[in-house]
Every structure is written in C-alpha cells, then in structure tokens.
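Colleague: Could you walk me through a model I have just opened? I would like to go through it question by question.

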Amino acid sequence: TSTPVPPAAEISMSEPAGTEEKNTGPAENGETSEPAKTRYKASTYKVGSDIPAGEYVVYCDSFMGYIETAKDSSGTLDSIIANDNISTNSIVTISDGQYFKMTGCYAVPIEEAGSPDTSSDGMFKVGVHIPAGEYKIEVDEDSVMGFGYVEISKDSYHVLDSIISNDNFEGSKYITVSDGQYLKLTGCRIDYPAFPLLHITFLSIKHQNHPVGRNIVIQFPVQS
C-alpha cells in the first residue's frame with residue numbers, strides 16, 4: 001500500500017548567506033554533464049526578487065540538505081508550502097511571491113544543470129534524466145531506514161497533490177514512469193541490468209600443418 005512519508009525535519013547547519021554565482025569549474029556533487037553556469041547558494045530567497053521563478057535542480061553539498069518553499073516570511077509552520085530533506089539531489093519548482101530556503105545545498109536552473117547521478121537515490125525528471133518505461137528498484141544495502149521509498153509525481157512542487165503514487169518497500173519492486181513525470185527515490189536506486197555479452201566466433205584459416213582450424217570466441221559487453 002502507498003504510505004506517504006512524514007514531512008521533512010529541518011537539519012540545522014551553519015551555511016554562509018548565498019547569492020547568485022557563476023561556476024566554471026568541473027561538475028561535482030552528482031552532476032555528470034557540463035558544469036552549470038548559474039548557482040544559487042544556501043540561503044533564503046524571495047522568488048521574483050532574489051531568484052527567478054522556475055524549475056531548479058538542487059544538489060546536496062553537505063551531509064544532509066534541506067529545501068523549503070513558503071508562502072510568506074513569517075517563519076511559522078502554517079507558512080510552509082512544501083519541504084524536504086535531501087542527500088543527493090532534488091528538483092523543485094518555485095513561483096513568484098514565494099520564499100525559497102536551502103540549507104546544505106545549492107540550486108541550478110534545470111536548463112543549465114547537468115544530469116544528476118541516476119545510479120543512486122535522488123529525484124529525476126522522466127524524459128530528461130531517465131527514459132520513460134519500467135524500472136526495477138532495489139533497496140540500498142546501507143539504507144539508513146532499512147527500507148526504500150519510491151514516489152512518482154506529476155510535477156516538482158513537492159505538495160501532496162503532486163503525488164501520483166508512492167510506497168515504502170523492502171527488497172525490490174517494479175515501477176513504470178512516463179515522460180513528464182518525476183521519480184523520487186530515497187534509500188533505494190534503479191537496478192540497471194548488466195550489459196549482455198556479445199559473442200563473436202571466428203574460424204581460423206587452416207594451416208597446412210594444422211588441418212583443423214580453431215574457433216576463437218571473443219566476448220565483450222554491449223548495450224542492448
């Protein structure tokens with residue numbers, strides 16, 4: 001049965017106030033493609049004033065990251081629209097007038113972000129970071145929770161109405177995702193199958209001193 005996880009608890013960390021910065025260094029923290037051009041460091045931003053509205057990939061750069069969108073700056077629980085703890089990456093959409101808070105992580109506009117590392121847990125956009133289709137999901141051996149959490153969403157607002165399906169599970173399970181959806185994995189990962197071996201057999205030329213040629217089999221991995 002699908003069981004929503006409880007709301008995220010903020011991890012208190014000391015981070016310097018953040019502003020927009022340009023990055024020309026190598027990709028890191030789960031980014032596997034070209035380095036991003038724009039980063040927003042850990043801080044609280046007023047959307048539309050300090051940071052443009054839009055969709056962002058958020059990368060954790062500490063032990064644990066925390067993201068939060070709020071409707072005002074009162075700091076009360078009632079002001080929180082959505083929040084989450086992340087250990088690798090997440091994807092979030094923020095709107096004008098909201099307040100976007102990050103601790104222990106940084107944000108990159110999705111159109112500038114490199115692809116997250118899809119071999120670990122995290123959040124991935126289907127059709128952008130992973131192809132649509134069926135996936136086998138395996139619980140990590142070192143999962144802190146002892147089980148895995150998988151969630152399929154229709155958008156990256158991180159509200160309950162965004163969730164299409166979710167589940168806590170042990171061992172493994174299969175899920176099917178479609179283009180435009182979002183796959184969130186916690187304590188688990190996609191079980192990518194090993195590439196099959198392509199077998200090629202060559203028949204050696206018969207030498208006068210060796211009337212029977214020898215078969216030589218060459219094996220190497222090839223992606224199906």
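This is a predicted model: local features need pLDDT of at least 70, side-chain atom pairs count only at pLDDT 80 or more; totals for chains, interfaces and linings use all residues.

Colleague: Is Ser 156 buried or exposed, and at what relative accessibility?

Modeller: Residues are numbered from 1 along each chain as its sequence is written, and side-chain values use heavy atoms, with hydrogens and water left out. Buried means under 20% relative accessible area, exposed over 50% and partly exposed in between, with a 1.4 Å probe and protein chains only. Ser 156 therefore counts as buried, at 1%.

Colleague: Which side chain has a polar contact of 2.5 Å with that of Ser 156?

Modeller: A polar contact is a pair of N or O atoms within 3.5 Å; within protein, one must be able to donate a hydrogen and the other to accept it, and residues adjacent in sequence count only if both atoms are side-chain atoms. The side chain of Ser 156 has such a contact with that of Glu 55, at 2.7 Å. The partner at 2.5 Å is Thr 93.

Colleague: How many aromatic pairs are there?

Modeller: Rings of Phe, Tyr and Trp (its six-membered ring) pair if their centres lie within 6.5 Å; planes under 30 degrees apart count as stacked, over 60 as edge-to-face and the rest as tilted. By this rule the count is three.

Colleague: What is the centre-to-centre distance between Tyr 40 and Tyr 56?

Modeller: Tyr 40 also pairs with Tyr 45, edge-to-face at 5.8 Å with 85° between the planes. Ring pairs join Tyr 40, Tyr 45 and Tyr 56 into a cluster. For Tyr 40 and Tyr 56, the pair is edge-to-face with 85° between the planes, and the centre-to-centre distance is 5.9 Å.

Colleague: Which residue lies over the face of Tyr 106?

Modeller: A charge sits over a ring if NZ of Lys or CZ of Arg is within 6 Å of the ring centre and within 35 degrees of the ring normal. Here the distance from the ring centre is 4.3 Å, and the residue over Tyr 106 is Arg 39.
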